Amino acid sequence: MSMKTNPNITEPRALQWLLIGVALLFLLLMLVVPLAAVFFEALKGGWDLYVASLVDAEAKSAIRLTLITAAIVVPVNAILGVAMAWLLTRFDFRGKQMLTTLLDLPFSVSPVVAGLMFVLLFGAHTAFGGWLESQGIQVIFAIPGIILATLFVTFPFVARELIPLMQSQGDSEEQAALILGASGWQMFWRVTLPNIKWALIYGIILTNARSMGEFGAVSVVSGHIRGETNTVPLLVEILYNEYQFVGAFALSSILALLAIATLVLQDIVNRIQARKLAAAERKEA
Amino acid sequence: MSITIENLNKTFGSFQALNNINLNVPTGKLTSLLGPSGCGKTTLLRIIAGLENADNGRILFDGRDVTKHHVRDRKVGFVFQHYALFRHMNVFDNVAFGLTVLPRSERPGKAEIAEKVTNLLKLVQLDHLAKSYPHQLSGGQRQRIALARALAVDPKLLLLDEPFGALDAKVRKELRTWLRDIHHELGVTSILVTHDQEEALEVSDEIVVMNHGKIEQTGDADVLYRRPKNAFVAEFLGETNAFEGRIEKGAWHYEGFSWPLDQQGRWQEQTAVGYVRPHEWRLAEAADKMFSAKITDIQVSGALTHLAVQPLPKGELIRVSFATSEASKLALSVGGELALSPKQVYVFGQSELIDFAI
């Protein structure tokens with residue numbers, strides 16, 4: 001609240017403080033206290049125990065699997081997201097509206113259902129899954145299933161960030177590049193990509209956060225094989241159910257730190273975008 | 001480079017954007033495609049550039065069929081209405097773009113590119129802005145940079161899509177003159193799309209008037225203005241007043257007045273509209289007047305004096321212009337009456353009005 005606010009268009013001071021107080025109290029109870037509790041519980045047994053529970057074999061395996069998943073899912077979905085946004089903003093075709101709606105399916109369907117879809121498609125007792133298994137490829141209850149489920153759940157993030165931006169920018173710069181003799185690649189790398197850079201980074205940050213934190217869909221396809229198919233969120237639940245609170249909260253603290261890092265990054269990217277936009281608009285006016 | 005367009009058609013769904021277009025654009029001339037919005041002029045320009053595909057018909061550059069050529073192989077310069085400058089590149093890099101994307105074997109060296117870009121920026125008088133970004137420039141400056149960018153690849157054909165449409169009136173006028181000068185200097189075959197007849201008349205060597213996806217008439221400003229082929233062209237170019245009369249016995253009749261027509265055999269008896277331009281009136285004797293009118297307003301603007309007159313006993317207000325030197329001798333005053341007769345009437349029968357009336 002700025003001291004310069006015009007008193008003629010604001011509410012009485014008491015009401016202002018009441019509303020602000022309520023909002024702050026809510027934030028404190030719902031966000032700050034739980035977050036602090038995670039770190040408090042994780043460090044209750046002391047720093048040594050905290051570190052020990054993170055370097056435990058099962059924990060290390062879960063962290064490694066989570067990182068591998070993100071390392072595959074993020075670039076794949078970044079590329080697919082750009083391709084999808086390109087398709088939906090630069091071309092007109094039959095069924096485009098349908099495709100745009102379908103793009104939101106991973107957001108609208110419960111992650112558990114998403115996981116089940118993959119079990120039904122690739123499970124050992126299905127025709128396709130059975131055939132794959134006879135070829136020595138196991139999808140469900142193995143790493144490929146986890147990656148597939150995560151790919152599905154995080155698919156829309158990049159495209160959703162890019163589509164509004166690419167729509168508002170239009171395609172005349174790309175046309176100008178082509179007329180000037182640029183090849184498709186030159187156009188993409190030198191005109192399209194620089195124009196969508198910040199929105200793309202934003203989408204990638206969101207994709208990364210979700211792919212590391214996804215629980216529902218991954219839980220269904222993982223099979224919870226200890227030391228093999230448990231990601232960090234899955235292991236947190238298992239440890240918690242086994243009353244290993246320090247381990248559960250230590251791993252949770254890793255996810256919480258990831259979340260905080262994501263928010264900080266998001267904020268930085270947002271600021272850069274806003275600054276560029278403001279600069280552009282200032283000159284436009 | 002001369003451009004030939006043969007039997008070109010284009011539809012968008014059920015909308016016929018271009019209807020059997022045949023056109024010849026001579027080398028080194030600045031040709032305007034002029035028409036109201038939706039007449040197909042921009043579509044035609046984009047098809048020539050290769051940004052759109054025609055349904056059928058051919059496009060020839062210097063007699064060479066380029067209909068199937070990809071936009072990047074046509075090597076034309078294109079200037080967009082909204083500039084389409086690369087927003088993340090500075091002015092220098094924008095202008096240099098066309099040179100830096102050339103295949104390695106044809107690409108000039110860095111120093112050569114820098115020299116060429118600097119020369120182009122001097123040509124458009126913006127060399128001091130080389131390090132600026134598009135968003136730091138005014139609209140007029142952006143469009144000049146866009147032109148420099150298009151010229152960097154030495155196009156044999158320059159296409160301009162309403163290049164001054166987004167600018168305010170004063171800048172638009174300046175840039176028109178400036179474009180005219182640049183065209184004289186470089187002599188590159190150019191096609192300009194515009195809906196502004198004043199712009200077309202002022203800038204172009206040749207004007208193609210379009211309406212409803214068809215070419216109505218092609219010619220220089222003088223021909224279009226003095227010998228419009230149909231009602232649309234007469235009304236679209238310059239100011240006119242329309243009078244509904246009748247053709248009988250080889251003359252056009254309006255109330256008691258009659259105007260003899262050329263090629264008398266061509267005309268059938270029919271109702272027909274006669275168009276008279278404001279400066280093509282003369283003061284008449286009672287015997288040969290078209291009508292008497294009351295002066296409702298007088299405006300002296302430099303060499304011309306504009307009158308608003310009300311035909312008697314009734315009728316819509318009509319604009320009449322006299323040379324001020326002539327008008328001052330006539331002792332005109334608001335409320336006064338005068339008898340008017342046209343120096344020239346453009347008469348078009350019903351069949352020529354049908355297209356236009358839609």
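# Report on a predicted two-chain model

In chain B, five strands build an open antiparallel sheet, and their order across it is 15-19-16-17-18. Strand 15 (281–283) and strand 18 (318–323) of chain B are the edge strands; each has a single partner strand, so one side of each is left without a neighbour in the sheet. From one strand to the next, the twist averages 50°. The structure described here is a predicted model.

One pairing in this sheet can be followed residue by residue. Strand 15 of chain B is joined to strand 19 (residues 337–342) of chain B in the antiparallel sense, over three bridges. Within this pairing, B:Arg282 stands opposite B:Ser341, which belongs to strand 19 of chain B. As a general principle, the strands of a sheet pair through backbone hydrogen bonds, in either a parallel or an antiparallel manner.

## Confidence in the model

For the model, the scores are ipTM 0.82 and pTM 0.80. The average pLDDT of chain B is 89, and 97% of its residues score at least 70. Residues 354–358 of chain B are a stretch in which pLDDT stays under 50. For this stretch the model has five contacts beyond four places in sequence.

## A further sheet in chain B

Another open sheet of chain B also contains five strands, arranged in the order 13-12-11-14-20 with antiparallel pairing. Which strands stand at the edges of this sheet? They are strand 13 and strand 20 (346–349) of chain B, each of which has a single partner strand, so one side of each is left without a neighbour in the sheet. Neighbouring strands in this sheet are turned against each other by 35° on average, with direction ignored.

Strand 12 (residues 251–254) and strand 13 (residues 257–260) of chain B pair in the antiparallel sense, and four bridges connect them. Here B:Ala251 faces B:Pro260 of strand 13 of chain B. The two strands form a hairpin with two residues between them, and in this hairpin B:Glu255 adopts a positive phi near 50°.

Elsewhere in the sheet, strand 11 (residues 241–248) and strand 14 (residues 270–276) of chain B run antiparallel and are joined by seven bridges. In this case, B:Ile247 has B:Gln270 in strand 14 of chain B as its bridge partner.

| Strand pair (chain B) | Sense | Bridges |
|---|---|---|
| Strand 15 and strand 19 | antiparallel | three bridges |
| Strand 12 and strand 13 | antiparallel | four bridges |
| Strand 11 and strand 14 | antiparallel | seven bridges |

## The overall make-up of the chains

Chain B contains eleven helices and 20 strands. Along its principal axes, the C-alpha trace of chain B spans about 80 × 45 × 30 Å. Of the 358 residues in chain B, 38% are buried. Among the contacts of chain B with a separation of 6 or more, 65% involve residues 24 or more positions apart.

How many helices and strands does chain A contain? Chain A has 14 helices and zero strands. The C-alpha atoms of chain A occupy a box of roughly 60 × 60 × 30 Å along the principal axes. Chain A has 285 residues, of which 33% count as buried. When contacts in chain A between residues at least 6 apart in sequence are considered, 74% of them join residues at least 24 apart.

## The domains of chain A

Chain A is divided into domain 1 (1–43) and domain 2 (45–284). The C-alpha centres of these two domains of chain A lie 32 Å apart. Six residues of domain 1 of chain A are in contact with nine residues of domain 2 of chain A. On the side of domain 1 that touches domain 2, there are five nonpolar residues, no polar residues and one charged residue.

## Where the two chains meet

Between the chains, 18 residues of chain A are in contact with 20 residues of chain B. On the chain A side, helix 10 (172–179), helix 11 (184–213) and helix 14 (245–284) each supply at least two of the residues that touch chain B. The largest share comes from helix 10 of chain A, with seven residues. Classified by residue type, this side of chain A has ten nonpolar, five polar and three charged residues.

Key
Residues are numbered from 1 along each chain as its sequence is written. Chains are lettered from A and ligands numbered from 1 in the order in which they are written. This is a predicted model: local features need pLDDT of at least 70, side-chain atom pairs count only at pLDDT 80 or more; totals for chains, interfaces and linings use all residues. pLDDT is the predictor's confidence in each residue, from 0 to 100. Two residues are in contact if their C-beta atoms, placed from the backbone, lie within 7 Å. Two strands pair if DSSP finds at least two bridges between them. Ala, Val, Leu, Ile, Met, Phe, Trp, Tyr, Cys and Pro count as nonpolar, Asp, Glu, Lys and Arg as charged, and the others, Gly among them, as polar. Domain bounds come from an automatic or database domain assignment. Axes are lines fitted to C-alpha atoms, for helices over the stretch in contact, and angles run from 0 to 180 degrees between N-to-C directions. A residue is buried if 20 or more other C-beta atoms lie within 10 Å of its own, exposed if 12 or fewer, and partly exposed in between; C-beta atoms are placed from the backbone.
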